[in-house]
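Dear colleague,

I am passing on the structure we spoke about, and below it I have set down what was found in it. Please read the notes with the model open beside them.

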Amino acid sequence: MIFQLALVNPTRDQEYINAFGNHLRELRKKHNLSQEQLAANSKLAFSQIGRFERGERSPTLSTIKALADGLGVHPRELLDFTS
């Protein structure tokens, strides 16, 4: 059996993380929420919101679901961004 390894591209990954963060910030502002309000709605720590928006952290799938719930949108809307 031959296995192909997926090549990791840290630069591309960081571009996606940054694009997600920018999109999250846009959605949060569109819904007139502060970072504190989104954190409370999402049952996440306030500091996490800023880290996601600044591209310092990549959210897990469960965090994406929590953020979507906090924004009142479907998770696919959070992932509908371009890098």
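Glycine 72 comes after helix 4 and has a positive phi, near 75 degrees. Before going further, please keep in mind that this is a predicted model, and that the values below were computed from it.

Helix 4 itself, which covers residues 61-71, holds a set of buried residues, namely Thr63, Ile64, Ala66, Leu67, Ala68, Gly70 and Leu71. These buried residues pack against helix 1, helix 2, helix 3 and helix 5. Of the 83 residues in the chain, 34% are buried, and among the contacts with a separation of 6 or more, 60% are made by residues 24 or more positions apart.

The packing of helix 2 with helix 4 can be described in some detail. Their axes lie 8 Å apart and form an angle of about 115 degrees, and because angles from 65 to 115 degrees are counted as roughly perpendicular, the two helices are described in that way. The crossing of helix 2 and helix 4 is right-handed. On the side of helix 2, the residues that take part are Leu38, Asn41 and Ser42, and they meet Ala66, Leu67, Gly70 and Leu71 of helix 4. Sorted by class, this contact of helix 2 with helix 4 contains four nonpolar residues, three polar residues and no charged ones.

Alanine 39 also belongs to helix 2, and its relative accessible area is 3%; because the cut-off for a buried residue is under 20%, alanine 39 counts as buried. Leaving aside residues up to four places away in sequence, alanine 39 touches Leu44, Ala45, Phe46 and Ile49.

In general, most residues other than glycine have a negative phi. Asparagine 32, however, has a positive phi, near 55 degrees, and is found in the loop between helix 1 and helix 2. Lysine 43, likewise not a glycine, has a positive phi of about 60 degrees, and its place is the loop between helix 2 and helix 3. As for accessibility, asparagine 32 is exposed, with a relative accessible area of 67%, and lysine 43 is exposed too, with a value of 75%.

Finally, there is the matter of aromatic rings, for which the count comes to one aromatic pair. The pair is formed by phenylalanine 20 and phenylalanine 81, whose rings are 6.1 Å apart centre to centre, with 75 degrees between the planes, an edge-to-face arrangement. The pair links distant parts of the chain, since phenylalanine 20 lies in helix 1 (residues 10-30), while phenylalanine 81 lies in the segment after helix 5 (75-78), and the two are 61 residues apart.

With kind regards

Methods
Residues numbered from 1 in each chain as written. Predicted model: local features only at pLDDT ≥ 70, side-chain atom pairs only at ≥ 80, totals over all residues. Heavy atoms only, no water. Phe/Tyr/Trp six-rings, centres within 6.5 Å; stacked < 30°, edge-to-face > 60°. Helix = DSSP H or I, 4+ residues; strand = E, 2+ residues; numbered from the N terminus. Buried < 20%, exposed > 50% of the residue type's maximum accessible area, 1.4 Å probe, protein only. Contact = heavy atoms within 4.5 Å. Axes fitted to C-alpha atoms, helices over the stretch in contact; angles between N-to-C directions. Parallel < 35°, antiparallel > 145°, perpendicular 65-115°, else oblique. Left-handed = near helix turned anticlockwise from the far one by under 90°. Nonpolar A, V, L, I, M, F, W, Y, C, P; charged D, E, K, R; others polar.
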